[in-house]
Amino acid sequence: MRLFMSFGSNRRNASLRYLVRVILAIIVSTICIILLNIICSFSGEIIVTNINLIVMAITTSLFCFAAGCLFSSITTLFKPFISFIVIGTICLLYFMVFANIEEIITVSISNGTVNFAEPISGVVFAIIFYITSLIIHNLRISDMKTTSIS
């Protein structure tokens, strides 16, 4: 984000450009995984991944990106120790309340149990976290700098 801000973008545009780059990277990595599966299937090898693994990889990538954006935006609001406490509290609440949601919402299929909750909740939380980080970055009290002061 700082790179885009150094080139003259404002916080919102820099954040959106960063989002586009991350989504493109996720798409390219997914295409690489699919191509690898196709190549492996031609050589007689067992396909290394299935669609569930690809969906989980995409969901996890989006969720981790959004959580990183949220946590970095929180560090622009507070001093390091307060940021640590706020981020730690958010992590604890998430894992205590929402991390086991996949055990709650499941659909039984004759071959086993197919889980629809984790990918959906992961994408929903990614959207919530990213929008929250955008809001925090656009606050006047957010201390986002374009250059390093170290």
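Modeller: A definition first: rings of Phe, Tyr and Trp (its six-membered ring) count as a pair if their centres lie within 6.5 Å; planes under 30 degrees apart are stacked, over 60 edge-to-face, and the rest tilted. The model is predicted, so to speak of local features takes pLDDT of at least 70, side-chain atom pairs count only at pLDDT 80 or more, and totals for chains, interfaces and linings use all residues. Residues are numbered from 1 along each chain as its sequence is written, and side-chain values use heavy atoms, with hydrogens and water left out.

Biologist: In what order do the elements of the protein run from the N terminus on?

Modeller: Helices (H or I, at least four residues) and strands (E, at least two) are DSSP runs, numbered from the N terminus. The protein has six helices and two strands. The order is α-α-α-α-α-β-β-α.

Biologist: What percentage of the 150 residues in the protein is buried?

Modeller: Buried means under 20% relative accessible area, exposed over 50%, and partly exposed in between (1.4 Å probe, protein chains only). Of the 150 residues, the buried share is 28%.

Biologist: How many aromatic pairs does the structure hold, and is the pair of Phe 63 and Phe 129 stacked, edge-to-face or tilted?

Modeller: The structure holds three aromatic pairs. In this one, the ring centres of Phe 63 and Phe 129 are 5.6 Å apart and the planes stand at 45 degrees, so the pair is tilted.

Biologist: How many residues apart in sequence are the parts that this pair, Phe 63 and Phe 129, ties together?

Modeller: Phe 63 is buried at 17% relative accessible area, and Phe 129 is buried at 10%. Phe 63 sits in helix H3 (residues 51-75) and Phe 129 in helix H6 (residues 117-138), so the pair links parts whose separation in sequence is 66 residues.

Biologist: Which residues form one aromatic cluster?

Modeller: Take the tilted pair, Phe 63 and Phe 129. The cluster also holds Phe 125; its members are Phe 63, Phe 125 and Phe 129.

Biologist: Are H2 and H3 roughly parallel or roughly antiparallel?

Modeller: Axes are lines fitted to C-alpha atoms, for helices over the stretch in contact, and angles run from 0 to 180 degrees between N-to-C directions. Helix H2 (residues 11-42) packs on H3 at about 160 degrees, with the axes 11 Å apart. Angles under 35 degrees count as roughly parallel, over 145 as roughly antiparallel, 65 to 115 as roughly perpendicular and the rest as oblique. H2 and H3 are therefore roughly antiparallel.

Biologist: Leaving aside neighbours within four places in sequence, which residues is Thr 30 in contact with?

Modeller: Thr 30 lies in helix H2 and is buried at 13% relative accessibility. Its C-alpha atom is 8.4 Å from that of Ala 57, 27 residues away along the chain. Contact means heavy atoms within 4.5 Å. Beyond those neighbours, the contacts of Thr 30 are Ile 54 and Ile 58.

Biologist: How far apart in space are Glu 118 and Met 56, C-alpha to C-alpha?

Modeller: Glu 118 is in helix H6 and is partly exposed at 32% relative accessibility. In sequence, Glu 118 and Met 56 are 62 residues apart. In space, their C-alpha separation is 8.2 Å.
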